Amino acid sequence: MSAAVWRESEPPRRGGRTPDAPLKSRFKSPPGLPEIGEEEGDDVDSATSIRSIGVCGIGQMGSGAAVCYKRAGYRVLLWDQDERKLDSARGRLDALESWLDDHVGPPSASGGEYRLAADLREIDDEADLAMDCIVEDMDRKVQLLLSLAGAVRRKALFITTTSGLGITRMGRESGTSELLVGTHFWNPPHLMPLVEVVRGENTPAEVVDRVVALIESIGKIPVRVNRDVPGFIGNRLLHALWREAIHLVQTGVASPEDVDRVARLTFGLRALAVGPLENMDLVGLDLIKRIHEYLLADLSAASAPLEELERLVERQDLGVKTGKGFYDWRVRDGKEAIDRRDRQIVRQLAFLKELEDR
Ligand SMILES: NC(=O)c1ccc[n+]([C@@H]2O[C@H](COP(=O)([O-])OP(=O)(O)OC[C@H]3O[C@@H](n4cnc5c(N)ncnc54)[C@H](O)[C@@H]3O)[C@@H](O)[C@H]2O)c1
């Protein structure tokens, strides 16, 4: 297929964003930290010198991230090994954009553009930063980075949206150690406000700083992960919870519906306002200690996928995509669940904005 371009208006000047693009994030930093967008050197033009971003793999995460970059004024090159993904990209990106226009508001900057790259070489030759959004497989990610040798020579930056694979190992095996940073976007990436920025053991601090500035420039909140541990911060927390949720179902303590109901309508309800550690302080640490003394030994400490999960996957009950998982999606509406999730995120973002304005 041939490369195609569609753009909103004129591209921003080389090296940065259009003058009307806000440099301040929509959200406040935690107390004691500088306001996002007010740190020294946070002028995106000088801090990142990134104008064009090559997104490799335009599935769920790549498409959502591409939309964020384009709406912040960047030139986005899109490539996927699957031609069908390229052929359908425009429709998917336009749909995401019009959803954002309707539910969130207009883009923060003009001048962003997409270009479909029929060949990875276009990204290798041109992108100031290449983003890995392909399948969660170390060998294939390393292969992808190895095929961007020209970009390495040009000292372009590399980021990966791996859910938790080692950044240090990925960098070492691909020869990108000094240019590679983990950027763990959350799903749906066009809405979720936070990105974990993970430094590999050999990533220089200034490279991490440039990536932090990039993430701020698209209006997201970067959180620095100082040590490259599997799952970073968020997926360690989330999968500890998900392991226990599966364990409760597997051991017959409650149905999937009731486990989900408890999570959504108890601690889930307050999670946006107070994080777990702050919440523990509110409760009182003496009580937490007393509960841990009898409870922790009874929680799942499985170090491999639980039997219930193995059984479902074995039967190809993979969730919405195959019609069945913990729930029967032939009678439930997966699209409605995603729409409900996305509308709720938008409302919660408005609540975060309210906290910021207070
Ligand atoms: N889906 C999530 O909730 C989520 C959240 C955070 C991070 N991630 C991570 O983001 C990455 C992408 O996940 P996704 O959910 O977007 O996957 P996806 O399956 O939706 O998209 C992956 C895309 O990469 C392409 N691809 C696969 N292998 C390739 C290769 N070797 N070369 C080029 N293109 C290739 C596929 O054609 C597909 O279009 C993974 O590392 C995943 O762990 C996913």
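**Entry 1: Thr176**

I started with Thr176, which counts as buried at 0% relative accessibility. I take buried as under 20% relative accessible area, exposed as over 50%, and partly exposed as in between, with a 1.4 Å probe and protein chains only. The model is predicted, so local features need pLDDT of at least 70 and side-chain atom pairs count only at pLDDT 80 or more, while totals for chains, interfaces and linings use all residues. Residues are numbered from 1 along each chain as its sequence is written, and side-chain values use heavy atoms, with hydrogens and water left out.

Where does Thr176 lie? I found Thr176 in the loop between α7 (167-174) and β7 (180-184). Helices (H or I, at least four residues) and strands (E, at least two) are DSSP runs, numbered from the N terminus. The Thr176 side chain makes a polar contact with the side chain of Ser174, at 2.7 Å. A polar contact is a pair of N or O atoms within 3.5 Å; within protein, one must be able to donate a hydrogen and the other to accept it, and residues adjacent in sequence count only if both atoms are side-chain atoms.

**Entry 2: Asp128**

Next I looked up another loop residue. Asp128 sits between α4 (120-126) and β5 (129-132). Asp128 is buried, at a relative accessible area of 12%. What does the side chain of Asp128 reach? I traced it to the backbone nitrogen of Arg51, at 2.8 Å.

**Entry 3: salt bridges**

I searched the whole structure and got 22 salt bridges. The term means a side-chain nitrogen of Lys or Arg within 4 Å of a carboxyl oxygen of Asp or Glu. Side chains of opposite charge can pair when their charged atoms come close.

One of the bridges joins Glu97 and Arg71, at 2.8 Å from N to O. Glu97 belongs to helix α3 (residues 83-103) and Arg71 to helix α2 (residues 60-71), so this pair ties together parts that are 26 residues apart in sequence. Are Glu97 and Arg71 buried or exposed? I noted both as buried.

Arg121 and Asp119 form another salt bridge, also listed at 2.8 Å, N to O. Arg121 is exposed, with 56% relative accessible area. Asp119 is partly exposed, at 30%.

Then I checked helix α13. Glu293 bridges to Lys289, and their closest N and O atoms are 2.7 Å apart. The two residues are four apart in α13 (residues 285-295), so about one helical turn separates them. An α-helix has 3.6 residues a turn, so residues three or four places apart point the same way. Glu293 is exposed at 53%, and Lys289 is exposed at 54%.

I also found a network of salt bridges. It links Arg51, Arg75, Glu113, Arg115, Glu122 and Glu126.

**Entry 4: the ligand**

Which residues come nearest to the ligand? Of the 22 residues around it, I list Met61, Asp80, Glu136, Lys141 and Ser163 as nearest. A residue is near if one of its heavy atoms lies within 4 Å. The shell divides into seven nonpolar, nine polar and six charged residues. Here Ala, Val, Leu, Ile, Met, Phe, Trp, Tyr, Cys and Pro count as nonpolar, Asp, Glu, Lys and Arg as charged, and the others, Gly among them, as polar.

I noted some polar atoms by the ligand. A ligand oxygen is 2.5 Å from an N or O atom in the side chain of Asp80. A ligand oxygen is 3.0 Å from a polar backbone atom of Gln60. For Ile134, a polar backbone atom is 3.3 Å from a ligand oxygen. Taken alone, the ligand exposes 830 Å², and the protein buries 79% of that. These areas come from the Shrake-Rupley method with a 1.4 Å probe; for residues, only the protein chains shown count as cover. The elements giving two or more residues to the shell are α2 and α5 (138-146).

**Entry 5: helix α5**

I stayed with α5. Met138, Lys141, Val142, Leu144 and Leu145 are buried there. They lie on the same side of α5, because they cover an arc of only 160° around the axis. The arc is that of the directions from the helix axis to the C-beta atoms. Asp139 and Gln143 are exposed on the other side. What caps the N-terminal end of α5? I found Asp137, with a side-chain oxygen 3.1 Å from the backbone nitrogen of Asp139.

**Entry 6: Gln250**

Gln250 counts as partly exposed, at 29% relative accessibility. Its C-alpha atom is 8.9 Å from that of Leu309, 59 residues apart along the chain.
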